[in-house]
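Work through the exercises below with the sequence and the coordinates at hand. Each task is followed by a worked solution.

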Amino acid sequence: MKAMILAAGLGTRFKPWTDQHPKALALVNGKSLLERNIFYLQSFGIYEVIVNVHHFPDQILASIKKHKGWGSNISVSDETGQVLETGGGLKKAARYFDYGSFVLINVDILTDLDLEAMAFYHEEKKPLVTLAITNRKSSRHFLFDKNERLCGWRNSKTLEEKISIPGSAMEEKAFSGIHIISPEIFPLMRQQGKFSIVDVYLELAAAHTILGFDHSGSRLVDVGRSESVAMAEKLFP
């Protein structure tokens, strides 16, 4: 199995670090977010990784070179001309995924989610996409039916909703920023350029099965803000 780490974001919520550095190289107990996710993937036997870059890309490339990929074979998807967001970034890297399902993970997510169990779930159920989800509090949620099939999305602050499969019994679950994706998704992505993968999922969910994998109880920190580092350092030594 291959993986992609999304590391091209501007990290505007992580200032002042991101005024001079990419968020991917922010340190948690002396190890960068990128390094930690490379090792996380290695712990499940994944050594073929592509990383997209945009913000201070030279620093990321230099770190990969200095550490010799931390033992992984790391390719780079160059988005220096334009940051393409999650969907556009994945689509640009499509040729890298030449066999089987693959993992997509945000660089600012730290977790001990059992990725092997999630991969077995994906292989057994054979959805187009499996999304890691939990019951933690969040302002934005995916909506799932009783069989954990994606039905829509809701912003609890603005009350905005996007419903793919109408129904009354939908449960809110927070997305963990980790996906297992079947390569059959690429010809179905009609969007071009810069776009969110969430929009792709919500568009495809009615006709294609997208499932949630609930890992509530696992350690998880979204290190999207600088104030999250302290919590991450407590949970991930």
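Predicted model: local features only at pLDDT ≥ 70, side-chain atom pairs only at ≥ 80, totals over all residues.

**Exercise 1. Asn52**

Determine whether Asn52 is buried or exposed, and list what surrounds this residue.

Solution. 
1. Locate the residue: Asn52 belongs to strand β4, which covers residues 48-53.
2. Apply the cut-off: a residue counts as buried under 20% relative accessible area. Asn52 has 2%, so Asn52 is buried.
3. List the contacts, leaving out neighbours within four places in sequence: Met4, Ile5, Leu6, Ala7, Ala8, Ser77, Glu79 and Gly89.
4. Check for a polar pair: a polar atom of the Asn52 side chain and the backbone nitrogen of Ala7 are 2.6 Å apart. The cut-off for a polar contact is 3.5 Å.

**Exercise 2. Helix α3**

Which residues of α3 are buried, and which elements are included in what covers them?

Solution. 
1. Pick out the buried residues of α3: Gly87, Gly88, Gly89 and Leu90.
2. Find the cover: it includes β1 (2-6), β4, β6 (102-106), β12 and α5.
3. Connect this with Exercise 1: Gly89 is among the contacts of Asn52, and Asn52 sits in β4.

**Exercise 3. The largest pocket**

Describe the volume and the lining of the largest pocket.

Solution. 
1. Volume: about 1,600 Å³.
2. Lining: 46 residues, with Arg13, Asn106, Asp108, Arg140 and Asp222 nearest the centre of the pocket.
3. Elements: two or more lining residues come from each of α3 (85-92), β9 (140-144), β12 (171-181), α5 (197-204) and β14 (220-222).
4. Largest share: β12 gives 5 residues to this lining.
5. Classes: the lining holds 18 nonpolar, 15 polar and 13 charged residues.

**Exercise 4. The second largest pocket**

Solution. 
1. Elements: at least two lining residues come from α1 (33-42), and at least two from β7 (109-111).
2. Largest share: α1 contributes 4 residues to the lining of this pocket.
3. Classes: 5 of the lining residues are nonpolar, 2 are polar and 4 are charged.

How values were computed
Residues numbered from 1 in each chain as written. Heavy atoms only, no water. Buried < 20%, exposed > 50% of the residue type's maximum accessible area, 1.4 Å probe, protein only. Polar contact = N/O pair within 3.5 Å; in protein donor to acceptor, adjacent residues only side chain to side chain. Contact = heavy atoms within 4.5 Å. 1 Å grid on protein atoms, 1.4 Å probe; cavity = no way out; pocket = protein on both sides within 12 Å on 5 of 7 lines; lining within 4 Å. Points joined across faces, edges and corners; volume = space filled by probe spheres on them. Nonpolar A, V, L, I, M, F, W, Y, C, P; charged D, E, K, R; others polar.
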